[in-house]
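Here are my notes on the model you sent over. Have it open while you read, and click along as you go.

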Amino acid sequence: MDFDAAFRAQLDDLKSEGNYRIFADLERVRGRFPKVRNHGMGPDEVTVWCSNDYLGMGQHPDVVSAMVEVTERCGTGSGGTRNISGTAHHHVGLERELADLHGKEGALLFSSGYVSNWAALSTLGSRLPGAVIFSDALNHASMIEGMRHSRAERVIWRHNDPADLDRALSLYGPGVPKIVAFESVYSMDGDIAPIAEILDVAEKHGAMTYLDEVHAVGMYGPRGGGVAEREGLMDRVTLIEGTLGKAFGCFGGYVAGSAALCDFIRSFASGFIFTTAIPPAVAAAAAAAVRHLKGSGMERARQRRQVARLRAGLDAHGIPHLDNPSHIIPVMIKDPVKCRMIADVLMEQHGIYVQPINYPTVPKGTERLRFTPGPLHTDADIDHLVQALNGLWRQCALARAVA
């Protein structure tokens, strides 16, 4: 068999559909974010508008200094799995910071947020005999993969619909272990779950709750504990899952819960047992970011201001974007080819980098540009983006009128 021909044929299909992904060749420069060096098409310097480093903590002096200092003192890698020589004092300290952030007895680090979801859900579903996992219809791919790997029965309930969850849970008796898995902030549409109502339903049926807060930790709540902290609900959530790679500006994922729950996952999750631990310097930097955002609301306040400014600018020019209560601003294009074209023009002619979001990340026909304004975007950056988008929208409208 000509394997390369088979690979190329499927890649050609992706390209013809407009769903082939092109990576921007960028170089972050300390102190310049969201400006970055561009080694690909377009100007030598561009402004990043789609980063998940939501608060710019990857540039914060305390975070950078912690990583540099621990690298110089300890070296680079961790040297092994957590079980075999890879547990550093910095991992233990970070887990304590995260447990405190969420008001839980314990926390457990993973190599990424994807792995923490995959490992935790697959372990819970496979090790609790007869467990049924009730999954929100729009849960992230990492959660879905974890559920699949667990081989537990999975029931999908309508997105953010506590009444449908109640209906689904009612079909199973009190002796069935039930796990309700959902997210707080959904990253593509930017909507936020009705957490209190979902917890009410789960508690009514004796179910444990698994809340993914990866797009919320650092961003919401008085100490950055997420939407559950903002709404005073953390104590009612069985397990909170988060990431260090978004608002905390570092790398890695984690879960937080009771001491028994964290020890259970530590002892049985293959995604934890058999993978190399994150470098101590990364753990130290993440701990510095978590500590800073526990005490500082400045970054969150500035970020909310810039989100409101961008939304107002888009509204003033009639540029369609999904209305939601979060920091994520999806501008709807609804065509993969046009989405790629607009992104290319923004990069090449205006020095604006935003990545097209297409299938399979979102359903076909809902392609979009996903903007994430941060505290380091200036008012001038926002005005430049709005004017560039407005010019493109006017061109598109004229083209439609001529056609």
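**Notes on the salt bridges, the sheet and a few single residues**

1. Let's start with Arg 37, which is partly exposed at a relative accessible area of 41% (buried means under 20%, exposed over 50% and partly exposed in between, with a 1.4 Å probe and protein chains only as cover). Before you go further: this is a predicted model, where local features need pLDDT of at least 70, side-chain atom pairs count only at pLDDT 80 or more, and totals for chains, interfaces and linings use all residues. Residues are numbered from 1 along each chain as its sequence is written, and side-chain values use heavy atoms, with hydrogens and water left out.

2. What does Arg 37 pair with? Its partner is Glu 27, in a salt bridge whose closest N and O atoms are 3.3 Å apart (the criterion is a side-chain nitrogen of Lys or Arg within 4 Å of a carboxyl oxygen of Asp or Glu). Glu 27 sits in strand S1 (residues 26–28) and Arg 37 in strand S2 (residues 35–38), so the pair ties together parts 10 residues apart in sequence. Helices (H or I, at least four residues) and strands (E, at least two) are DSSP runs, numbered from the N terminus. Glu 27 is partly exposed too, at 33% relative accessibility.

3. Arg 28 is partly exposed at 42% relative accessibility, whereas Asp 53 is buried at 8%.

4. Now for a pair that reaches further along the chain. Glu 97 and Arg 291 form a salt bridge (3.4 Å, N to O). With Glu 97 in helix H4 and Arg 291 in helix H12 (residues 280–295), the pair ties together parts that are 194 residues apart in sequence. Glu 97 is buried at 16% relative accessible area, while Arg 291 is partly exposed at 44%. Shared partners join Glu 97, Asp 100, Arg 223, Arg 291 and Lys 294 into one network of salt bridges. A search of the whole structure finds 24 salt bridges.

5. On to the sheet. There is an open one of 7 strands in the order S4-S10-S9-S8-S7-S5-S6, with mixed pairing (two strands pair if DSSP finds at least two bridges between them). At its edges are S4 (106–110) and S6 (153–157), each pairing on one side only. Neighbouring strands are turned by 20° against each other on average, direction ignored. Helix H4 (residues 89–101) packs on this sheet, touching S4 and S10, and its direction makes about 125° with that of S4. For the angles, axes are lines fitted to C-alpha atoms, for helices over the stretch in contact, and values run from 0 to 180 degrees between N-to-C directions; contact means heavy atoms within 4.5 Å.

6. Is S10 enclosed or open to the outside? With 5 of its 5 residues buried, S10 is largely enclosed by the rest of the structure. Gly 253, Val 255 and Gly 257 are buried on one side, and Tyr 254 and Ala 256 on the other. In a regular strand the side chains alternate between the two faces of the sheet.

7. S10 has a partner on each side. It pairs with S4 in the antiparallel sense over 5 bridges, and 4 bridges join it to S9 (residues 239–243), also antiparallel. Ile 240 stands opposite Ala 256.

8. Last one: Val 217, in the loop between strand S8 (208–212) and helix H9 (227–230). Val 217 is buried, with a relative accessible area of 1%. Leaving aside neighbours within four places in sequence, its contacts include Thr 243 and Tyr 254, along with His 102 and Phe 248. Val 217 and Leu 293 are 76 residues apart in sequence and 9.8 Å apart in space, C-alpha to C-alpha.
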